[in-house]
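Hi,

Here is the structure I promised to pass on. Have a look at it, and below it you'll find my notes on what turned up.

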Amino acid sequence: MVRGLAREGGRVSGVTILQGARHWKSGATIDVAMRDGAIVEVRPSQSAEIKSDTLIEAAGRVLAPGLVDLHVHLREPGQTSKESIATGTRAAAAGGFTAVACMPNTNPVVDNVAWVRWVLERAAESGHCRVHPIAVVTLGQKGEQLAEMHALAAAGAVAFSDDGRPVMSAAIMRRALEYSRPLGLPIVCHEEDLTLKGDGHMNEGAVATRLGIRGIPSQAESVMAWRDVDLAALTRGRVHLAHLSCASSFEALRHARRRGLNVTGETCPHYWMLTEEAVGDYDTHAKMNPPLRAEHDRLATIEAIVDGTIDCLTTDHAPHTFEEKRQTFDAAPFGIVGLETAIALTVTGLVEPGHLSLARAIELWTDAPRRVFGLPQVSLEVGSPADLVLLEPEERWTVEPAAFYSKGRNTPFGGMQVRGRAALTMCGGRITHALPAVVIRRGAETGAAVGAM
Amino acid sequence: MNHARLHPHAPAPSGAGASSHPRHLLGLEHLQRETLLALLEDAAKWRERARTRELPCERPRGVTVCNAFFEDSTRTRISFELAEQRVGATRVSFSASGSSVSKGETLLDTARVIAAMNVDVLVVRHPSSGSAAHLARHLDAIVVNGGDGTHEHPTQGLLDLLTLRDAWDGRFEGRRMAIVGDIAHSRVARSAIHGLRKLGATITVAGPATLLPAEVESLGVRVAHSADEALEGADAAMALRIQRERMECGLLPSMGEYAREWGLNAERVSRMKPHAVVMHPGPMNRGVEIAPDVADGERSVIFDQVENGVAVRCAVLEWCAGSLAKAAA
């Protein structure tokens with residue numbers, strides 16, 4: 001192992017070896033050596049003891065590139081009672097993520113270069129994974145004046161979004177798509193016609209009628225999805241449709257695909273796991289935007305993932321405080337946390353029932369989102385950054401919100417039995433999360449002799 | 001998908017009679033038929049006592065009730081207050097205006113403060129659907145829903161049922177009820193629908209499509225295309241109050257058109273069965289959802305509804321006292 005280093009003949013520090021992992025695509029059992037944050041060797045696993053600075057026993061676990069979540073609310077700056085970059089990225093690491101893209105609807109909103117830089121610096125100081133800031137489309141997210149997209153991109157923004165609010169004016173959206181086109185960065189569209197949404201708080205349908213909660217028709221989302229697909233045709237701009245939840249929106253995405261437009265789309269685990277019935281008796285943990293839909297929309301979500309209409313999966317991790325959610329249904333904010341349950345809900349809801357192979361499911365959280373945002377790809381090959389996740393796809397566990405690393409405990413999945421979790425996460429070769437069951441031997445325990453293989 | 005499994009923390013159905021919270025009265029949807037019938041029977045007794053001035057007959061000893069009204073409602077509040085006097089409860093009242101609510105305190109904290117004063121029963125009127133269930137989940141006090149948003153108004157539903165019990169000689173099976181108007185925003189309609197269905201009546205609703213909630217048939221009602229169709233052969237009709245702001249929201253073009261198309265007038269009412277009755281939860285917009293001659297006509301039981309309101313609230317409070325006694329035993 002690490003032959004290049006071995007030939008140097010002496011002790012070389014800083015080597016970590018993952019032994020006996022199952023390759024997420026090929027299924028081969030491999031040993032992976034890492035140094036200075038990158039993979040330096042990959043080879044078929046050998047049963048002999050390996051000596052290194054750090055040895056991670058990975059037998060029986062699946063090794064994959066670290067997961068990426070393109071749609072996360074880290075709430076910083078300004079809303080640290082809900083979440084911070086430190087706690088949000090720690091939650092991400094616990095979920096197997098090595099990179100997240102964070103939405104700019106903070107307080108203040110990320111609508112200038114200074115705040116983009118601030119997020120990046122804060123992430124460098126306190127983050128547990130890579131953080132890619134998304135900047136706003138319009139100043140103050142007011143939907144009126146375009147942000148300085150070129151400067152924001154130069155500062156490190158990877159996309160633009162007024163997420164949390166739609167860009168209601170079709171004219172402004174057209175200008176945004178035209179103006180951002182040379183940058184090649186997507187505009188992430190929060191699809192919601194506010195006039196159709198009105199004062200709605202959950203999906204419009206039988207459950208809302210029974211509970212006396214004002215409903216939001218699925219068309220509040222889909223008419224905007226269709227609009228932005230059409231605007232992508234007009235402008236040849238780069239559109240990414242966020243958190244899609246209903247059949248008609250998936251049709252819009254298929255239509256865009258057929259026309260060869262530069263349009264991609266994402267959906268989130270709650271839309272394939274739950275329906276509006278989860279609201280039950282006014283459970284605010286089932287209140288999110290877009291709202292949980294009807295069963296036919298849930299099935300359409302699965303179909304869109306299976307047939308490739310959906311490009312990647314995201315969580316829309318939206319932490320809120322306990323007190324904010326402990327209100328009447330109409331007063332409680334929209335949103336649930338998702339980073340620490342994402343892979344389990346993917347395995348439980350998509351892989352276990354046979355909708356997707358495990359490899360395809362992982363791809364939708366790894367290679368696919370990196371492609372959508374044009375982020376550098378990560379692989380299990382020499383030279384790749386050591387942004388890795390060791391998954392236990394078979395492990396059954398119970399979701400316990402009290403044990404979350406996120407400050408947000410607002411999930412409708414609390415107490416649910418799920419399958420599959422991240423056992424260990426590494427970002428740039430640094431272990432950012434490990435379950436207690438993972439055996440990690442360091443220094444003297446391993447002999448610390450590099451190149452023993 | 002098994003939502004019971006996926007949603008393990010969802011509270012059990014929380015009406016009176018539901019297993020988890022049998023002591024609260026949050027709605028008629030989850031109230032057991034037997035409980036509902038017993039409440040009507042008790043209410044009829046309370047009404048008789050009131051008529052013969054034999055009050056108070058029974059005093060639920062030591063029961064303290066707080067009327068917490070976060071929304072204006074003169075008639076419901078007075079009705080509860082009278083009922084509390086008649087059953088001999090200790091009563092305090094609270095209204096949102098000028099209270100700590102206007103200073104930013106949450107509904108739950110306000111209710112907890114009230115409950116901490118050893119209040120046994122909290123009658124809650126609140127503009128948010130589910131507010132009564134929300135408080136019931138977190139408080140030890142018994143919660144009686146005095147109307148929550150556009151969800152339910154169970155004591156109104158009970159008084160409607162008591163009124164119909166009289167009009168229909170105690171027989172609900174096979175009876176046909178027409179409810180005309182703004183179903184979407186009506187907690188009165190939902191409670192009436194749940195209660196009537198439990199007792200065997202069938203319900204037809206009618207109103208402008210903009211005022212019918214999505215998938216309204218899922219409530220177990222038939223939808224008529226016109227008021228005339230709904231009223232044809234009905235055993236009773238209920239006109240719902242139309243609020244002027246529905247015009248401002250673009251749900252109605254004008255009150256005049258509503259009155260012409262959906263208002264209960266003499267000609268329409270004549271389509272009902274000969275002994276059918278006309279109801280209205282009040283306050284009425286005379287000349288809009290109900291014509292003055294119908295409101296004051298011989299079919300009208302609108303003031304019977306008001307009288308019955310006090311009686312059912314007496315019965316509900318007595319039932320709460322019984323729950324407390326059971327808990328103490």
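To start with chain B: what percentage of the 329 residues in chain B do buried residues make up? The figure is 57%, where buried means under 20% relative accessible area, exposed is over 50% and partly exposed lies in between, using a 1.4 Å probe and protein chains only.

Some housekeeping before the rest. This is a predicted model, where local features need pLDDT of at least 70 and side-chain atom pairs count only at pLDDT 80 or more, while totals for chains, interfaces and linings use all residues. Residues are numbered from 1 along each chain as its sequence is written, chains are lettered from A and ligands numbered from 1 in the order in which they are written, and side-chain values use heavy atoms, with hydrogens and water left out.

**Chain B**

Chain B has 13 helices and nine strands; helices (H or I, at least four residues) and strands (E, at least two) are DSSP runs, numbered from the N terminus. If you take its contacts with a separation of 6 or more, 71% are between residues 24 or more positions apart. Contact here means heavy atoms within 4.5 Å.

UniProt, in an unreviewed entry, lists Lys103(B), Arg187(B) and Arg241(B) under "binding site". Of this set, Arg187(B) and Arg241(B) are in the lining of the largest pocket. UniProt positions follow the numbering used here, feature names are shortened, and annotations may be inferred rather than shown by experiment. As for the pocket, the search runs on a 1 Å grid over the protein atoms alone: a pocket is an open set of points with protein on both sides within 12 Å along at least five of seven lines, a cavity is a set where a 1.4 Å probe fits but cannot get out, and lining residues have an atom within 4 Å of a point.

Arg187(B) is worth a click. This arginine lies in helix H7 (residues 187-198) of chain B, and Arg187(B) counts as buried because its relative accessibility is 13%. Leaving out residues up to four places away in sequence, Arg187(B) touches a list that includes Glu71(B), Arg125(B), His126(B) and Asp148(B). With Glu71(B), the side chains are joined by a polar contact of 2.8 Å. A polar contact is a pair of N or O atoms within 3.5 Å; within protein, one must be able to donate a hydrogen and the other to accept it, and residues adjacent in sequence count only if both atoms are side-chain atoms.

**Where the chains meet**

The contact takes 29 residues from chain A and 35 residues from chain B. Between them the two chains bury about 2600 Å², with 53% of it on carbon and sulfur atoms; buried area is the accessible area (1.4 Å probe) that two parts lose on being put together, summed over both. On chain A's side, Thr209(A), Asp281(A) and Arg326(A) supply 24% of the area that chain A buries against chain B, more than any other three residues.

The rule finds eight residue pairs in polar contact across this interface, both at pLDDT 80 or more, and one salt bridge. A salt bridge is a side-chain nitrogen of Lys or Arg within 4 Å of a carboxyl oxygen of Asp or Glu. Glu29(B) forms a salt bridge with Arg210(A), their closest N and O atoms being 3.2 Å apart. Helix H7 (206-211), helix H10 (269-273) and helix H11 (295-306) of chain A each give at least two residues to the side that touches chain B, and H7(A) gives the most, with four residues.

**Chain A**

The unreviewed UniProt entry has a "binding site" annotation here too, and His320(A) and Gly335(A) are among the residues it covers. His320(A) sits in the loop between strand S15 (312-313) and helix H12 (322-325), and is buried at a relative accessible area of 6%. A polar contact of 2.7 Å joins the side chains of His320(A) and Lys82(A). Gly335(A) lies in the loop between H12 and helix H13 (342-351), and is buried with a relative accessible area of 6%. Its contacts beyond four places in sequence include Asn289(A) and His320(A).

Finally, Ala159(A) in strand S9 (residues 159-161) is buried, with a relative accessible area of 0%. Among the residues that Ala159(A) touches are Pro133(A), Leu185(A) and Phe373(A), again not counting residues up to four places away in sequence.
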